[in-house]
Amino acid sequence: MTVDRTVPGRCALITGATAGIGAAFAGQLAAEGWDLVLVARDTTRLDATAAELTGRCGNRVEVISADLSTDDGCARVERRLATGDPVDLLVNNAGLSLNQPFLRSTVADETRLLRLNVHAVLRLTHAALGPMTRRGNGTVINVSSVAGFGPVMPGSTYPASKAWVTSFSESIGQSARAAGVHVMALCPGYTRTGYHERTGIDMSGMPRWIWLKADDVVAEALRDLRKGRTVSVPDWKYKLAVASLRHVPRRLLRGAFRDRRGQVDPAGQ
């Protein structure tokens, strides 16, 4: 098997690794010869994913069952980043959105979203950067979203959490680069991952052309990583969308975007 030496490092730790973009990262990196540390909540799916990748590619695959919305789950992964064989690539992919607007949500649900989308990314990035900067090499990919460039989901706090991930990655990347460490925010648009179906978010009204494939997202992300980019936006149509979100007046955006999660009946019906 040919190992792609253009990507630094040989061991990658991937969160949310059993489905969607996380699973696509695992599959493509395994095919390039990387050893893997896979993190997810479902132990059964983790074991099955590890067995499939080991059988297909012959890689060494570790698994860590952890709920990253909890302190214990984050601490478990932090320990692995600090001990054992060095982790050369961290992919912070785990995240969630809520099938309800903020005005109908609960503080507990919103806190869980922030703990997974923001707090876990902060903690694991911090844990990884220490060893990486001491070695003078390493890479962190934080999976963000095109949604982070504007309020495209009225009533949802998901875009705000992803705006933080992108800004955080760009800012931290500026300081880490001097130590030989590359930090990149990956900002895909709508991607077929099965997540919307699992959470009950109705996306049936979205046109087929708008959807991306997880494998294509990851392939373009790895190409952008090799080019040294700090923000990766896969697919030309989403590059145009980001340009629009950055420059179109907010009043026009409010008229263009609708989301069922944001439509709250004042009567509570």
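The views below come from a predicted model, in which local features need pLDDT of at least 70, side-chain atom pairs count only at pLDDT 80 or more, and totals for chains, interfaces and linings use all residues. Residues are numbered from 1 along each chain as its sequence is written, and side-chain values use heavy atoms, with hydrogens and water left out.

**View 1. Helix H4 (residues 107–135) and its bend at Arg115.** Helices are DSSP runs (H or I, at least four residues), numbered from the N terminus. The 29 residues of H4 should span 42 Å at 1.5 Å a residue, and this agrees with the 41 Å between its end C-alpha atoms; the expected span is 1.5 Å times one less than the number of residues. At Arg115, H4 bends by about 40° (the angle between axes fitted to the seven residues ending there and the seven starting there).

**View 2. Packing of helix H3 (residues 71–82) on H4.** The two axes come within 9 Å and cross at roughly 20°; axes are lines fitted to C-alpha atoms over the stretch in contact, and angles run from 0 to 180 degrees between N-to-C directions. H3 and H4 are therefore roughly parallel (under 35 degrees; over 145 is roughly antiparallel, 65 to 115 roughly perpendicular and the rest oblique). Their crossing is right-handed, meaning that the near helix is turned clockwise from the far one by less than a right angle. Contact (heavy atoms within 4.5 Å) involves Asp71, Cys74, Ala75, Val77, Glu78 and Leu81 of H3, and on H4 residues including Arg115, His119 and Pro131. By class, there are 9 nonpolar, 1 polar and 4 charged residues in this contact; Ala, Val, Leu, Ile, Met, Phe, Trp, Tyr, Cys and Pro count as nonpolar, Asp, Glu, Lys and Arg as charged, and the others, Gly among them, as polar.

**View 3. Helix H1 (residues 20–31) against helix H2 (residues 43–57).** The axes come within 10 Å and cross at roughly 25°, which makes H1 roughly parallel to H2. H1 passes H2 in a right-handed crossing. Ala26, Gly27, Ala30 and Ala31 of H1 touch Leu53, Arg56 and Cys57 of H2. This contact holds 5 nonpolar, 1 polar and 1 charged residues.

**View 4. H1 against helix H7 (residues 214–226).** The axes are 8 Å apart, at an angle of about 60°, and the two helices are therefore oblique to each other. The crossing is right-handed. From H1, Gly20, Ile21, Ala24, Phe25, Gln28 and Leu29 take part, and among their partners in H7 are Asp215, Val218 and Leu222.
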